[in-house]
Structures are given as structure tokens and as C-alpha cells.
Amino acid sequence: MSTTATTLRATPVGERNEVLDAVRGVLVLGVLIANVQFMAQPAVLADWQSLQRGGFDTPDAILTGLIGWLVSGKLISGLAIVFGAGMGVIAARSQAQGRLRRWLFVRRSAFLMVLGLMHMLLLFPGDILFIYGVTGLI
């Protein structure tokens, strides 16, 4: 084993950004709550997809669209921002140690892509992890 090899470990509690972790947790919980109706009833997802194509002709449809725009859209956007901030924290720590570990970004992004693709194909077509993985590679 090489002396330059690093062992992978979780970030110790004292070094974690607690605010970033808390915001991430709230956003993930919010996305879960917003998507529960889609996961539980595939017909709701079909209705939502038809609404996205311009079928806002009833008060229920308008309210569903508003909730989708305010809740789901803002939560997912917030998660994207937190994802980028997390990647920035990893990059800053790597640079502070005197090296940027690109392989770490590639590995994390590949894991997100695989996990997102499995989730998208097997459970829920509205998954965003795959897109985060692609973005991380870029």
C-alpha cells in the first residue's frame, strides 16, 4: 500500500457545517412531503404531467400548479444550491490540505448518477439525483 493513499472516512462532527446539514435535511424532507402524493398514486403524477402541458382550467388544477411551482420547484432549487455548496466545501477542504482530489468528485458524481438512475427507473420518474451527478461531473 502506498504511503500517499488516503483512507476514506466520514467528516468528524466538529468539522461538519451544521447549518448546511440542517438546511439539506429540511429541503430533503420538504421534497419527500411534496412528492409523496406522486409516489403513492401514479394517477396523480399523470395529472401533474398533463397540467404542466397547460391544462390549468379548474381551481384544483390552478392550486396544484401553484403548489408544484412554489413547493416542489423551490425545494428542488434549494437542494441544487445546497448540493453546489457542499461540493464547494469539499473543494475548499481539499485545497486547504494542499491538493484537490478530483477523483472524489468523480466518484461521488458517479454514485449519484447510478443511484438516481436506479431510483428513476424503479421507483419515481421525477428523480433529480441523476442530474446532480451529471452536474457534479461537469
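Visitor: Which residues make a nonpolar surface patch of about 860 Å²?

Guide: A patch is made of residues with over 30% relative accessible area and no salt bridge, where like charges are joined within 9 Å and nonpolar side chains (Val, Leu, Ile, Met, Phe, Trp, Tyr) within 5 Å. Accessible areas come from the Shrake-Rupley method with a 1.4 Å probe, and for residues only the protein chains shown count as cover. In this predicted model, the patch is formed by Phe111, Val114, Leu115, Leu117, Met118, Leu121, Leu122 and Leu123.

Visitor: What should I know about the numbering and the rules of counting?

Guide: Residues are numbered from 1 along each chain as its sequence is written, and side-chain values use heavy atoms, with hydrogens and water left out. As this is a predicted model, local features need pLDDT of at least 70 and side-chain atom pairs count only at pLDDT 80 or more, whereas totals for chains, interfaces and linings use all residues.

Visitor: Where in the protein chain is confidence lowest, and where is it highest?

Guide: The term pLDDT is the predictor's confidence in each residue, from 0 to 100. Where it is low, the predicted coordinates should not be read in detail. Here the mean for the protein chain is 77, and 73% of its residues reach 70 or more. Helix α2 (residues 42–52) has the lowest mean, 57, and α4 the highest, 89.

Visitor: How many helices and strands are there?

Guide: Helices (H or I, at least four residues) and strands (E, at least two) are DSSP runs, numbered from the N terminus. The protein chain has 5 helices and 0 strands.

Visitor: Is Leu121 buried or exposed, and what of Ser109?

Guide: Buried means under 20% relative accessible area, exposed over 50%, and partly exposed in between (1.4 Å probe, protein chains only). Leu121 lies in helix α4, residues 102–122, and it counts as exposed because its relative accessibility is 65%. Ser109 also lies in helix α4, but Ser109 counts as buried because its relative accessibility is 1%. Contact means heavy atoms within 4.5 Å; not counting residues up to four places away in sequence, Ser109 touches Met87, Gly133, Gly136 and Leu137. Across the protein chain, buried residues make up 28% of the 138 residues.

Visitor: Which residues touch the most other members of the largest nonpolar core?

Guide: A nonpolar core is a set of buried Ala, Val, Leu, Ile, Met, Phe, Trp, Tyr and Cys residues joined through side-chain atoms within 4.5 Å. The largest one has 16 residues, and those touching the most other members are Leu27, Leu75, Leu79, Phe83, Phe105 and Tyr132. Two or more residues come from each of α1 (18–40), α3 (59–96) and α4, and α3 gives the largest share, 7 residues. Beyond four places in sequence, the contacts of Leu79 are Arg24, Leu27, Val28, Val31, Ile128 and Tyr132.

Visitor: Which residues are linked in a network of salt bridges?

Guide: Side chains of opposite charge can pair when their charged atoms come close. A salt bridge is a side-chain nitrogen of Lys or Arg within 4 Å of a carboxyl oxygen of Asp or Glu. By this rule the count is 2, and the network links Arg16, Asp21 and Arg24. Asp21 meets Arg16 at 2.7 Å, N to O, and Arg24 at 3.0 Å, N to O. Asp21 and Arg24 both lie in helix α1, 3 residues apart, about one turn of the helix. Asp21 counts as partly exposed at 25% relative accessibility, as do Arg16 at 37% and Arg24 at 29%.
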